Amino acid sequence: MSTNQSQFAPYEQAATPARPRQRRRLYFAIAAILIVAVIGSGLAILLRSPRTPATAQQPIVGHAFFVSSGQLTLFSDRGIADQVQINLQNIPDPQAGKSYYAWLLPDNDSNSRATPVFLGQLPVKRGQVSVFYSGDTDNTDLLVSYSRFLITEEDASQVPTNPSLDTSTWRYFAAFSQAYNPTASTSIHYSLLDHLRHLLAQDPSLAKVKLGGGLDTWLFRNMEKILEWAGSARDTQQSCQSTPGNPQCAAFIQRQATRILDYLDGPYIAQENVPPAIQGSQLLVDPTIARVALLQFSAQQNPPGYLKHIGNHLRNMVEVPNLSPAQHALALRITTAIDNVQNWLNAIHADAARIIHMNAADLVQPGTTSLLDDLFTQTNYAFVGRTNPNTNQVEEGVVQIHYSIQNLATFDITTCSAGNAVRACV
């Protein structure tokens, strides 16, 4: 996912020395490899997890899941969950003169004003269907207003503008449950749909501080920026060793470390701990973005830190009715990854705190290179994960969390009951 590169103007941007460009290409190449790996492993979970049909008459025939185009607009939900991939198996050919059509339907709520979204005609090839809906020109986050999926079988000669009101044409259906667990351990009861929307569309606590979009998107965006700052600080420190008398070298490194602390701690804690000579009374980053920290430092923290907040949703999600086995497995997997990232962020915090309190002369000495290397290494782990050298097991990071959370928003598509289509497909 790409971020808007102008989002931090007029705040200082890190100059990229010419020599370290190969390193930057290397760690983004590593990130790309891990992204491919996690997408594959995420899909494997979806395919391998036990799929218990809702009833014997409603077998699961495939899945539809939301995809993010990455065409983000800062402080909005655009570009998040704005596309849909549909995969079906063992589907009979439509009747002669008929065709299958896929739709997104709004919530089963009389207050909803959203109209159905046409996802496309579904050609069947040897029982298989694979169709990708690329979204609209505004990159609208579909999960904001839509929670039901429908396939109709209608006239092939004319593409319908809306799904037929004749429910006997309704063939396949799925929906994200709006039921909640009344015995949940929290005072606020959320449904599966609520949890998905907070993660991937809009979280109310973020909206209050003018941060549009879900928790997952801001975790990904902010961790990506920390990786950028850690890389430029490391590369600058190595370049500065050839000009140790240049005071701007150390100052730049300390400003990058301060930006990292602003994102980890939030503006209030960071301002208390950063020397005034480095940051002064104004943050070096956008104060709205830094308003929510990555880390949790107080029980009274509001909004909670991103890792804690996402973990809260996952813990409560596994208690809601109608959670699929695959979604349950993904929630457990993401929770483990959050623990990994928490440990790496603690190490990043310790390194950055040391850097901002060092004197300029020591900061640009060769002996300090290991500290900047560790800052970058821990940040790279937090973003793209690592393979544990002792266990040879992958320890997942924010990239894997990001794609696993997207996989949570997957429809299990079932057949409509032949004699009672209305009831089975609502």
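This is a predicted model: local features need pLDDT of at least 70, side-chain atom pairs count only at pLDDT 80 or more; totals for chains, interfaces and linings use all residues.
Residues are numbered from 1 along each chain as its sequence is written, and side-chain values use heavy atoms, with hydrogens and water left out.

Helices first. Helices (H or I, at least four residues) and strands (E, at least two) are DSSP runs, numbered from the N terminus. Take H4, residues 215-240, and H12, residues 398-408. Their axes come within 10 Å and cross at roughly 160°. Axes here are lines fitted to C-alpha atoms over the stretch in contact, with angles from 0 to 180 degrees between N-to-C directions. That makes H4 roughly antiparallel to H12 (angles over 145 degrees count as such).

Who touches whom? Contact means heavy atoms within 4.5 Å. From H4 come Asp216, Leu219, Phe220 and Met223. From H12 come Val398, Val399, Ile401, His402 and Ile405. By class, the contact has seven nonpolar residues, one polar and one charged. Nonpolar is Ala, Val, Leu, Ile, Met, Phe, Trp, Tyr, Cys and Pro; charged is Asp, Glu, Lys and Arg; the others, Gly among them, are polar.

Now the strands. E6 spans residues 146-155, and nine of its ten residues are buried (under 20% relative accessible area, 1.4 Å probe, protein chains only). Strands pair if DSSP finds at least two bridges between them. E3, residues 98-106, runs antiparallel to E6, with nine bridges. E7, residues 170-175, also pairs antiparallel with E6, over five bridges.

Thr152 is the bridge partner of Tyr101, and Trp170 in E7 is the bridge partner of Thr152.

Technical notes. Angles under 35 degrees count as roughly parallel, over 145 as roughly antiparallel, 65 to 115 as roughly perpendicular and the rest as oblique. Buried means under 20% relative accessible area, exposed over 50%, partly exposed in between (1.4 Å probe, protein chains only).
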